[in-house]
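Colleague: Could you walk me through reading a structure like this one? I would like to start from the ideas and then see each case.

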Amino acid sequence: MLQSFVDGLLVGSILSLGAIGLTMVMHMLRFANFSHAELLSIGAYAALVFDGLFAALAPVLTVKLAPLSVTAALALAFLVSMGVTAVSAVAIDRLVFRRIRARGEELSMVFASFGVALIVRSVIGLTFGLHPQLYSREIVFAIVVSRDPLLLIKPDQVAVLVAAVAIMGVLHLVLSRTTFGFALRAVAENPQLAQVNGVNLRRMIASVWLIGGALAAAAGVFYAINNQMSPVMGRDLVLPIFAATIVGGIGSIYGALLGGFVVGLASSFALMLLPSGYSPAVPFLIIIAVLVLRPHGLFGEARA
Amino acid sequence: MMGVLSYVVFFTTVASILAIATLGLNLHWGNTGLFNGGVVAFFGAGAYATLILGAAPQPGQMGGFALVWPLALMGGLGVAGLMAWAVGVLTLRLRHDYLAIATFGAAVAFENLVRNAQWLSGGAQGVRGFSRPLYAAVGDPLLWNTGFLVLTLSLLAAVYLFLRRLVRSPFGRLLRAIREDETAARSLGKRPSRVRLAAFVTGAVIMGLAGGLYGTFYAFVSPQDVLPVLTFQIWAMLIVGGAGNMRGAVLGAFLIWAAWTASGFLLSRFAPVEWQLYTGSIQFILIGSVIVGMLLWRPQGLIPERLVVSQSGRTPT
């Protein structure tokens, strides 16, 4: 029970980071971006590339940050990967979504996002191989925190959870305390009115992609540290992340944050009731439950 | 010669089945503006239900209803329609993203269910115990396949004519009215969510018909047949052909299916051995590029929708 709770929190923090970026894009650009989860894959693999690069360039960096399995090189690569993924997100928008948006076809963007997801996923598969990969081959033993109830935690997991919560804290400060944060919320509320007040819409859209991409990269790297990375990780994560946005209410950043934890915990507890083979279907059950009980989610507002 | 002939029969049958599914999607997307992210769920529901209802009793598997084939097929259509109704009731009154996400989720959950529920669907091994109707009576496989092709083509024609009638009817006009301007339609006293639900269920039943035919043709269905890639293929067929145009949908189905099978054949024949593992990835990139490329450069498809003013007395095709 306790173990499920802790595991659920960890998965939840990763889903939250993914869902925040997705819900921002859905709120501002009004389309369900099915390629968002591929940004997690881009982030995870970008960190893999730069981890190898930094380790080769400066062998000093291969020291482990004990007691974690994470090396200094990976920590650096993580930061670089956030930047790379943020830029990729903007690039994908410029190449595909912005052109379709310019014609005013919102729903066509949903089709296009599936196409983008297929292309990104397959290119990653062709480049890095279809097999799952890890940053470190070493086995890190879990620490027995308590025997009754049984609770096993790896140091890496604690680090991931702390880092995820820290990133969310920074985001909260930016959104609630800076002019940029106000401008962002204004654009999401009413793009025309925001522009009248001197907010640059194009720049704001680019910032949403940058933030969403950076958060997705963090989620992707954390997921890869916690589990493993594979080209199909985006396919596996897209539904839980969407479920998190729906639980929170599409467009609500704090809703997505909470929604991620709700989905993570619910999936973790569901494994106590259902055979593990059914776990991919759990997010769908959560979506259905939310649509029946509270269609606009925890913090969402009705908007056509 | 016989080999070529039997391949042509085989290819045309599968392409026609997919064309039926594409026509169903055209009703959703082309005529009503509904985004169905889980075509394969309704296709799969039709296939699975038809085979389970029509199968002879098997140990360790539910069913053994051994219904005569037309009844089993009707059951398949019913299950597909019921699933669409359940998803539609929950999502069609919300903003459009919800339908896209819920249908996509339905497809994931459906594949997951049939893969795991051994008692229901035979799990990963698929449904056993179904035999093609009249297969033993006909005797010759090629003759049976040809007969089945004739049946499929006539059902394709029937669906085509039914949808053409539907689209030209006041109901079809209402669908386009809601797609173009929901507020205006509402101001005329129409109920968009109810009309959308009717269109959504109808389209899903047509996809279920395609699935039922597909399952019957192979006399087998397994989780491998209900993977998300089928949804993407059917979308590509509609987008290439031209959303909103039924001739385009049929043309797109044949073109994309030809391109898919040809690329698969060429890759398996000519790609180096070490690349064989990745032929799937290459085909996915092709289908993704077709979708994105068409949306960027020719969003109206090869045969665009002909928009007409209803009062002029002309009718859309």
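This is a predicted model: local features need pLDDT of at least 70, side-chain atom pairs count only at pLDDT 80 or more; totals for chains, interfaces and linings use all residues.

Colleague: How do I read two packed helices, and at what angle do α1 and α12 of chain B pack?

Modeller: Two packed helices are described by the angle between their axes and the distance between the axes. Axes are lines fitted to C-alpha atoms, for helices over the stretch in contact, and angles run from 0 to 180 degrees between N-to-C directions. Helices here are DSSP runs (H or I, at least four residues), as are strands (E, at least two), numbered from the N terminus. In chain B, α1 (residues 2-31) and α12 (residues 246-270) pack at about 135 degrees, with axes 8 Å apart. The pair α1(B) and α12(B) is therefore oblique (under 35 degrees is roughly parallel, over 145 roughly antiparallel, 65 to 115 roughly perpendicular, and the rest oblique).

Colleague: Which residues of α1(B) and α12(B) make the contact?

Modeller: Two residues are in contact if their C-beta atoms, placed from the backbone, lie within 7 Å. Those of α1(B) include B:F11, B:L18 and B:N26, and those of α12(B) include B:M246, B:F254 and B:W257. By class, this contact of α1(B) with α12(B) has twelve nonpolar, four polar and no charged residues. Ala, Val, Leu, Ile, Met, Phe, Trp, Tyr, Cys and Pro count as nonpolar, Asp, Glu, Lys and Arg as charged, and the others, Gly among them, as polar.

Colleague: What about α9 and α10 of chain A: at what angle do their axes cross?

Modeller: The axes of α9(A) and α10(A) cross at roughly 120 degrees and come within 7 Å, so α9(A) and α10(A) are oblique to each other. Among the residues in contact are A:P240 and A:V247 of α9(A), with A:L258 and A:S267 of α10(A). The classes in the contact of α9(A) with α10(A) are eight nonpolar, six polar and no charged.

Colleague: How many residues of chain A are in contact with chain B?

Modeller: 40 residues of chain A are in contact with 34 residues of chain B. On the side of chain A that touches chain B, α4(A) gives the largest share, 14 residues. That side of chain A divides into 31 nonpolar, five polar and four charged residues.

Colleague: And burial: which residues of α5(A) are buried?

Modeller: A residue is buried if 20 or more other C-beta atoms lie within 10 Å of its own, exposed if 12 or fewer, and partly exposed in between, with C-beta atoms placed from the backbone. In α5(A), the buried residues include A:D156, A:I167 and A:L171. Their cover includes α1, β2, α8 and α10 of chain A.

Colleague: Last one: which phi does B:A66 have?

Modeller: B:A66 has a positive phi of about 50 degrees although it is not a glycine. B:A66 sits in the loop between α2 and α3 of chain B, and is partly exposed because 14 C-beta neighbours lie inside 10 Å. B:L134 also has a positive phi, about 65 degrees, and is not a glycine. The loop between α5 and α6 of chain B holds B:L134, which is exposed, with 12 other C-beta atoms within 10 Å.

Note on methods:
Residues are numbered from 1 along each chain as its sequence is written. Chains are lettered from A and ligands numbered from 1 in the order in which they are written.
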